[in-house]
Amino acid sequence: VNLLPGEEGYDPDAVVAPAGAADEMAGRAQSKRGTQSSLEVAKPIPKASVRSTPSMDDGTSAMPSNVNHSMHVTFNEFLARYEGLPEEWEHMNQQFGVPYGSIPKSSVPGYDERIPSVLIMMKRNLVENNGRDQVGIFRLAPDRDDCDFVKNQINTGQFDSVEDVNVIANLIKVWFRDMPSGLLNTIDDETIYKIADLPTEQVPSEYHKFAEPTKSLFLWLLDLMAEVVTNEAVNKMSAKNMSIVLSPNLYQINSANPMAALTMAQKIADFTTKMLAGRLREKHGYDARI
């Protein structure tokens, strides 16, 4: 407002900006602040100056309070299952026929890689129910309905135990048979043929060359088989018998030629027999009759 001489507040030294100048100056100041803001954003912000607690318009904290944890999921290694899963996540307990990388695993002394927890659980159930003393263990077929029932229990996280050791022994075979890719399919045919014809004492040096996780998983299985074989006087399961009943579950034969498939099946049985004999001698000090 321009004041005339004699009016209250009149200052003869004041410079009156022309019309529109105030708006122009305000724009320049805003522009300057905008430039400064951009530069400040580019500078690193000291950690001490960071504040992570948001607030509402009325000044109250926007952080959650009175939180109620309605779901608490844990993995029970002993029973090889997730507990506390909501119904829509129950598929996480699927243990048969899923990719090996998706299977929960546990550390076992003596093996470089972890072993599927479900196998450890089934072996424990087998041992606790004196499966090593069962005549024909791993060879005798259990009731199919009983086997399917227990398999479904394991796949849905509801399994606790089963008294029939033939059911759990069969499910160990089924677990390997249901693998998306056979355990021994990772080993080239040339190596399989070579080991099948080697003297027993030369076998351990060969299987220690296997890549992981095949090496640890196969050695774990061989040790389980060895624990049965070392009690063959009671259970009648020799190294050859054990290899014959286990080997068909370890290799997926893709040949359309029946004769080629039969030849490969026999070679896998010979390979498994030789591997088991080598493991029995190296770790268990037992000379298998093969």
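Student: How many helices and strands does the protein chain have?
Tutor: This is a predicted model. Read from the N terminus, its elements run α-β-β-β-β-α-α-α-α-α-α-α-α-α. The protein chain therefore has, with helices and strands taken as DSSP runs, 10 helices and four strands.

Student: What percentage of the residues of the protein chain count as buried?
Tutor: A residue is buried when its relative accessible area is under 20%. The chain has 290 residues, and the share that counts as buried is 39%.

Student: Which residues of the largest nonpolar core touch the most other members?
Tutor: This core holds 63 residues. The members with the most contacts to other members are Met122, Phe138, Trp175, Phe176 and Phe271.

Student: What distance does H7 reach from its first C-alpha to its last?
Tutor: H7 has 16 residues, and at 1.5 Å a residue the expected reach is 22 Å. The model is close to that, with a reach of 22 Å.

Student: What distance does H10 reach from its first C-alpha to its last?
Tutor: H10 covers residues 258–284, which is 27 residues. At 1.5 Å a residue, 39 Å is expected. The model comes close to this, at 37 Å.

Student: Which residue caps the N-terminal end of H10?
Tutor: A cap here is a side-chain oxygen placed against a backbone nitrogen, in this case that of Met259.

Student: Which residue takes a positive phi just after H10?
Tutor: H10 ends at residue 284. Just after the helix, a phi of about 60 degrees is found at Gly285.

Student: What volume does the largest cavity have?
Tutor: The count is one cavity of 30 Å³ or more. Its lining includes Phe96, Pro99, Tyr100, Trp175 and Met179. That lining divides into seven nonpolar, two polar and no charged residues. The volume of the largest cavity is about 40 Å³.

Student: How many residues in the lining of the largest pocket are charged?
Tutor: The largest pocket holds about 150 Å³ of space. Among its lining residues are Lys194, Glu206 and Lys209, and Asp, Glu, Lys and Arg count as charged. The lining divides into three nonpolar, three polar and, for the charged class, three.

Key. Residues are numbered from 1 along each chain as its sequence is written. This is a predicted model: local features need pLDDT of at least 70, side-chain atom pairs count only at pLDDT 80 or more; totals for chains, interfaces and linings use all residues. Side-chain values use heavy atoms; hydrogens and water are left out. On a 1 Å grid over the protein atoms alone, a cavity is a set of points where a 1.4 Å probe fits but cannot get out, and a pocket is an open set with protein on both sides within 12 Å along at least five of seven lines; lining residues have an atom within 4 Å of a point. Grid points are joined across faces, edges and corners, and a volume is the space filled by probe spheres set on the points. Helices (H or I, at least four residues) and strands (E, at least two) are DSSP runs, numbered from the N terminus. The expected span of a helix is 1.5 Å times one less than its number of residues. A polar contact is a pair of N or O atoms within 3.5 Å; within protein, one must be able to donate a hydrogen and the other to accept it, and residues adjacent in sequence count only if both atoms are side-chain atoms. A nonpolar core is a set of buried Ala, Val, Leu, Ile, Met, Phe, Trp, Tyr and Cys residues joined through side-chain atoms within 4.5 Å. Buried means under 20% relative accessible area, exposed over 50%, partly exposed in between (1.4 Å probe, protein chains only).
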